[in-house]
Every structure is written in C-alpha cells, then in structure tokens.
Amino acid sequence: MQAHERSVMRVLNGEKLERPPIWMMRQAGRYLPEYRAERAKAPNFLDFCYNPDLTTEVTLQPIRRYGFDAAILFSDIFVVPDALGYPVWFEEGRGPVLEPLSSELVAKLDQARTMVHLAPVIETVERLRAQLPNETTLLGFCGAPWTVACYSVAGHTTQDQTAARIGSYQDPELLAAFIDNLVEASITYLIAQLKGGADALQIFDTWAGVLDDTGFKRWCIEPTKKIVEGVKAVYPDAKIIGFPKASAARLESYVRETKVDAIGLDWTVPAEVAQKIQKLVPVQGNLDPMRLVAGGKALDEGIDYTIETLKSGPHIFNLGHGVTPQTSPDHVMQMVKRVKGL
C-alpha cells in the first residue's frame, strides 16, 4: 500500500472520507499501563526519549491496542533545545526545567550538534516506518519555537506564560536570537524525520493563545512560516499540520500566512470557525479531552457533535489537546469504536 492510500494522508491531501480517520495527541502516554512499564526502564525522561528500543515500543503500543490510523513519534519538544546545547532537564512532578534565557546561553548554541544528538530519535522514526502496518500514517513533529522558548525565559512554565510575555517585551532581541536558533534546528530535525520515513509532520504551538496581536504575528506566525518554508524547500510535497492552541480568532490568518497544509483545532474553536477554516485546509480535532475522561454519554455526544460539525469537508478526528494521564483506556476504546462506526 502506498503512502497516498493511508487514510490520514488522503485527508491531508484534501479528500473527504466517509468516516474520519482517528489518532489522538499523546496517544502513547501515562494513561496506558504498558507505557508506564516501559517508562520505568529509563532513569529519566530525556534518556527515555533517546532510547530507540523504548520509544519505538511505546509508539506502537496504542496502534496495537486501538488500531489508530496514525502513529505519532514518541519524543518531546525539548529535545531540540537540548540538541543545541541548551540546558534542559525534567523534574518529577514539575516537568521540563530549562536554564533561564541569557545572551551567554544563546551564544553557546551549536547547530552542528543538532543531528548528531538527535540521531537516536531518527533511528526511532526509521524503526517505526519498518514496523508499523502499511495503512498507518507515521507523523513526526516538533514544538513551535514560541512554545519551546516560553519555558526558557523563566526556566519553567508560568501561569499564562507571563514571564515569557514580559521577556518578549523587555528584550525582544534576545528572544528573537533564541527563536532563530530553534527555527533552524527545527527545520533540520523535521527534514530528517521525513527522510527517516515520517509521512507528515505536526508543529505544536501550545502557548500561541497567550500572545497579543503583534506578538502572535512575530512569535507564532513568522517562525512557523519559516519552518514550513525551510522544510518545503527540501520536501515540496511535505504535509504539515499546524496546531496553534487557543487561537480560534486568528486561525484564518495563521493558515494563510504560515502556509500549513492542515490545522489542528483545540476544543474551544466554535463550529462556525472550524467550518470556515475547513474550506481553506483540512482540519483535525477537536474533542474536549475531559469528555474522554468522563466517558459514557458525554463522550458519545461530544464525538457525534464533532463528526457532524465537520462532516462536509476533510477531517481527521482527534482531541482538542493531548489525552490526560487520568483517562481510562476503556474510554479511548469507546471513542475509537464510535468514530469507526463499530
């Protein structure tokens, strides 16, 4: 079976299918007992991300269990700054911690070490393409530069990213220098993922929605546009999904200016906005992850509403953000069966 016959790729190429293909963000993750068993084999989270044996296995787990139409490479958005030599570590119960951003740190970033450092991740991509069922789309990804940079300004995430926003106003040159490095490394990394066997890519901009209008253009749209251009200079037919979370009112300008091929919708995007965007590009989403936690009638109603709302154009069924650790694996099966009409 050729890649163009993979259902997710058909939708990304603009086809409207009888039933939407389905995958979900963070589908390999802590809600699965088999994931937790593999995670326990690595001393820390970054070591886990750089172990092809473990990352290949956890990427395949939800495909075996649920038969999702796409697998997304298991990795983390912070492998890119880590590869550049930016100090990153993970603390249990706190998540990613980065050294606070400084001109000294930016001056030490080294593009030349990016692919040497990320070679184990690309090995995972190659293994996955060899081991996945033919009909399953393999998605690569990176974090959008703004979202990655958010964690570096304060050294960790802050409520509504206040530290990153203040930093972007007080020292835009410093932030721009860091973001330019992230753009360049992300292009290199995504091209390597495609070369390794990824069918399509997603750019996660989780914190796009906290920016004001000029900030959104400068820190969300412009870097994403550069990444899309950089990847397509080498792979003109590459399909790239943009996911600027909490940006419903700006989705049209985001699509038109970044030239992404599809858009991920978070659960707050109104139906009429989603339908308008769907006339421009294929859409992906946008079930509230808390419906998946709740299960039962609320889950069924949410699934039906999403499918009904987006039935007139190309649609990939997904959550409006990542699945959460407290989600029951049974509820995921309930969702998959309903979307597939089983």
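Guide: Arg39 touches Asn44, Phe45, Phe48 and Glu92, leaving aside residues up to four places away in sequence; contact here means heavy atoms within 4.5 Å. The model is predicted, so local features need pLDDT of at least 70 and side-chain atom pairs count only at pLDDT 80 or more, while totals for chains, interfaces and linings use all residues. Residues are numbered from 1 along each chain as its sequence is written, and side-chain values use heavy atoms, with hydrogens and water left out.

Arg39 lies in helix α2, residues 33-39; a helix is a DSSP run of H or I with at least four residues, numbered from the N terminus. With a relative accessibility of 15%, Arg39 counts as buried, a word that means under 20% relative accessible area with a 1.4 Å probe and protein chains only.

Another buried residue is Leu182, at 2% relative accessibility, and its place is in helix α10. Leu182 touches Val80, Pro81, Leu84, Pro145, Val148 and Ala149, again not counting residues up to four places away in sequence. By contrast, the C-alpha atoms of Leu182 and Pro270, 88 residues apart along the chain, are separated by 32 Å.

Helix α10 also has a packing partner. Two packed helices are described by the angle between their axes and the distance between the axes. Helix α10 (residues 172-196) packs with helix α11 (residues 213-234) at an angle of about 30 degrees, and their axes are 9 Å apart. The axes are lines fitted to C-alpha atoms over the stretch in contact, and the angles run from 0 to 180 degrees between N-to-C directions. This angle makes α10 roughly parallel to α11, a description used for angles under 35 degrees. The crossing of α10 past α11 is right-handed: the near helix is turned clockwise from the far one by less than a right angle.

Among the residues that make this contact are Leu175, Ile179, Val183 and Ile187 of α10, together with Trp219, Pro223, Ile227 and Val231 of α11. By class, the contact of α10 with α11 has 14 nonpolar, 2 polar and 3 charged residues. Ala, Val, Leu, Ile, Met, Phe, Trp, Tyr, Cys and Pro count as nonpolar, Asp, Glu, Lys and Arg as charged, and the others, Gly among them, as polar.

Key: Helices (H or I, at least four residues) and strands (E, at least two) are DSSP runs, numbered from the N terminus. Angles under 35 degrees count as roughly parallel, over 145 as roughly antiparallel, 65 to 115 as roughly perpendicular and the rest as oblique. Buried means under 20% relative accessible area, exposed over 50%, partly exposed in between (1.4 Å probe, protein chains only).
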